[in-house]
Amino acid sequence: MENFTYCTPTKYVFGRDAESHAAEELKNINIGRVLVVYGGGSVIRSGLLARVISVLDNAGIFHRELGGIQPNPTDPKVREGIGMCRRDKIEGLLAVGGGSVIDTAKAIAAGVPYDGDFWDFWAGKSVITEALPVGVILTIPAAGSEGSGNSVITLLDGLHKISLRTDYWLRPKFALLNPELTFTLPPEQTAAGIADMMAHIFERYFSPTADVEITDRVSEGVLKAIIEEAPKVMADPCDYQARANIMWSGTLAHNGICGTGRKEDWASHAMEHEISAVYGVTHGAGLAVVMPAFMTFMAAHAPAKGAQLARRVFDVVETDDRKAALEGIERLKTFFASLGLPLTFSQLGIENPDVELLVRKLHENKGEIIGGYYPLGAKETAEIYNLAR
């Protein structure tokens, strides 16, 4: 196990009516002027946005609203939000939605106090040293952005989709998690969220670091819980306990606990970001295609971790590591298929993926070699993309 520093300043309020605590939590961090960031029509149709605004009004908290955040969020909305915050002297942000909304709010929070272009942080030209505080009302358990310091934004000029990771500045100050807010999620969105949270664990599990038994076991336990609870939420979207377990799994998958003391991988996420940037697919659906392809490559080149995953999570008894890893992949694919997730590019609706373009953009954005578990150059990433056909 490697040395590590683990900081989780996010306060979690979990359970029924958690969203009703929004004004209280904003006041706890001295926020009297807030920008409410949200996505499409679901938060309006459900009445959630109106309830949140009413709570803010009753508490005397000044607010402005920025809606219309789309999946795979892009820089124009970030720039719009930065301008709104500066004009109205906004002191903090409240994200009402899932990962795309939260990531947009984080990017705005980073950009407001900065003299340059917010994209400097994502491009690696500058480092965040201050940001407005962000609070979250979570509606989609998937990205885990409610508990992480990460934010993924796409720069439309050149379609550069970049994930920025911070230890502290972009972690939400509070996250309000009510499983009831997820009851009306479409099945495909629930399934994609499950794939996303599992991928967050896989990215940490596939590690070259030895002697990380505790974080391996934590990761395996959360994965097994997701596999057990997922069919329940697909069969009965209003099963509160199953929804609660899935919601908390998404947070634990990405708040850093599964990565403590180890080197992480993140090659599969980087590869999927190029797919969703170019083709506009749902991130979790793209990960359901990329992760098994990545694991298949690793079964041939570095099978030990995949074999351990297969035996401990998918109950594979095969003693040969390569064969065990491959059997585990088949069981993972069967699980994904049972949720209605795609397994190939063609099932994603991409009949002829431009692998050359994907590989070129991937290494332009992430460097000549990517991956923490096994070094992947252009030849190797092209092979993984082709395994996903």
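## Asp75 and its partner

Asp75 counts as buried, with a relative accessibility of 8%. In this predicted model, Asp75 pairs up with Arg79 in a salt bridge, and their closest N and O atoms sit 3.0 Å apart. Arg79 has a relative accessible area of 34%, which makes this residue partly exposed.

Both residues belong to helix α4 (residues 75–87), and because they are 4 residues apart there, about one helical turn separates them. As a rule, an α-helix has 3.6 residues a turn, so residues three or four places apart point the same way.

Arg360 is partly exposed, at 45% relative accessible area.

Helix α7 runs from residue 187 to 205, and its 19 residues reach 27 Å from first C-alpha to last, close to the 27 Å expected at 1.5 Å a residue. Most of α7 is covered, with 16 of its 19 residues buried.

So which residue does Arg204 bridge to? The partner is Glu264, with the closest N and O atoms 3.6 Å apart. This pair ties together distant parts of the chain: Arg204 is in α7, while Glu264 is 60 residues away, in the loop between α9 (240–254) and α10 (267–279). Both Arg204 and Glu264 are buried.

## The wider tally

Across the whole structure, the search turns up 21 salt bridges. Some join into a network, which links Glu213, Arg217, Glu220 and Arg312.

Technical notes:
Residues numbered from 1 in each chain as written. Predicted model: local features only at pLDDT ≥ 70, side-chain atom pairs only at ≥ 80, totals over all residues. Heavy atoms only, no water. Helix = DSSP H or I, 4+ residues; strand = E, 2+ residues; numbered from the N terminus. Expected span 1.5 Å × (residues − 1). Buried < 20%, exposed > 50% of the residue type's maximum accessible area, 1.4 Å probe, protein only. Salt bridge = Lys/Arg side-chain N within 4 Å of Asp/Glu carboxyl O.
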